[in-house]
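Visitor: I would like to learn how to read a structure like this one. Could you walk me through it, starting from a single residue?

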Amino acid sequence: MTPTPPGDIRIQEHWKHARLQFPATIRKGADTLFALVVWHIWKEQNARLFRGDSQDQQQLLRKIKTEIDMWVAAGAKSLGSLLGE
């Protein structure tokens, strides 16, 4: 799987194809993880653009991990099993 979409392909299309490389048993968890990461990157981009705020990579990763932990605690079993929890 390539980390960036090739050419003019949109991230949604890239993910649609990339997710098929995962075994069917973990796709739901992978979809949830992908959505959480993209959501936080989008929020970080907006914070930088509209408020002039920014976090370093480690802060952003900790924030994503915290949200993942909350989702798993709330019952996101497919995400939890993907992460071995």
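Guide: Gladly. Let us start with E67, which touches L36 and H40 once residues up to four places away in sequence are set aside. Keep in mind that this is a predicted model.

Visitor: Where is E67 found, and is E67 buried or exposed?

Guide: E67 sits in helix α3. With a relative accessible area of 17%, E67 is buried, because the cut-off for that word is under 20%. E67 also lies 9.7 Å from V37, C-alpha to C-alpha, although the two are 30 residues apart in sequence.

Visitor: Which residues of α3 are buried?

Guide: Start with the general idea. An α-helix has 3.6 residues a turn, so residues three or four places apart point the same way. Now the case here: L60, I64, E67 and I68 are the buried residues in α3. They cover an arc of only 105 degrees around the axis, which puts them on the same side of α3. M70 and A73, on the other side of α3, are exposed.

Visitor: What covers the buried residues of α3?

Guide: The cover includes α2 and α4 (77-82). I68 gives you a residue-level view: leaving aside neighbours within four places in sequence, I68 is in contact with L33, L36, L79 and L83.

Visitor: How does the span of α3 compare with what its 17 residues should give?

Guide: At 1.5 Å a residue, α3 should span 24 Å, and its end C-alpha atoms are 24 Å apart, so the two values agree.

Visitor: Next, the core. Which residues make up the largest nonpolar core?

Guide: The general idea is this: in soluble globular proteins, nonpolar side chains tend to be buried together. In this model, the largest nonpolar core has 6 residues: L36, L60, I64, I68, A76 and L79. Helix α3 (residues 57-73) gives the largest share of this core, 3 residues.

Visitor: How many aromatic pairs are there in the whole structure?

Guide: A search of the whole structure finds 3. One of them joins W15 and F22, with 5.9 Å centre to centre and 45 degrees between the planes, which makes the pair tilted. W15 is buried, with a relative accessible area of 13%, whereas F22 is partly exposed at 23%.

Visitor: And how do W15 and F34 pair?

Guide: That pair is stacked, at 4.3 Å centre to centre with 5 degrees between the planes. The label follows because planes under 30 degrees apart count as stacked. The pair links distant parts of the chain: W15 belongs to helix α1 (residues 11-18) and F34 to helix α2 (residues 27-51), 19 residues apart. F34 is partly exposed, with a relative accessible area of 24%. Taken together, W15, F22 and F34 form one aromatic cluster.

Visitor: Let us step back to the whole chain. How many helices and strands does the protein chain have?

Guide: There are 4 helices and 0 strands, and read along the sequence they give the pattern α-α-α-α. Of the 85 residues in the protein chain, 21% are buried. Among contacts with a separation of 6 or more, 33% come from residues 24 or more positions apart.

Visitor: What does the accessible surface come to?

Guide: The accessible surface of the protein chain is about 6,400 Å², and 59% of that belongs to carbon and sulfur atoms.

Notes. Residues are numbered from 1 along each chain as its sequence is written. This is a predicted model: local features need pLDDT of at least 70, side-chain atom pairs count only at pLDDT 80 or more; totals for chains, interfaces and linings use all residues. Side-chain values use heavy atoms; hydrogens and water are left out. Rings of Phe, Tyr and Trp (its six-membered ring) pair if their centres lie within 6.5 Å; planes under 30 degrees apart count as stacked, over 60 as edge-to-face and the rest as tilted. Buried means under 20% relative accessible area, exposed over 50%, partly exposed in between (1.4 Å probe, protein chains only). Helices (H or I, at least four residues) and strands (E, at least two) are DSSP runs, numbered from the N terminus. Contact means heavy atoms within 4.5 Å. Accessible areas come from the Shrake-Rupley method with a 1.4 Å probe; for residues, only the protein chains shown count as cover. A nonpolar core is a set of buried Ala, Val, Leu, Ile, Met, Phe, Trp, Tyr and Cys residues joined through side-chain atoms within 4.5 Å. The expected span of a helix is 1.5 Å times one less than its number of residues. The arc is that of the directions from the helix axis to the C-beta atoms.
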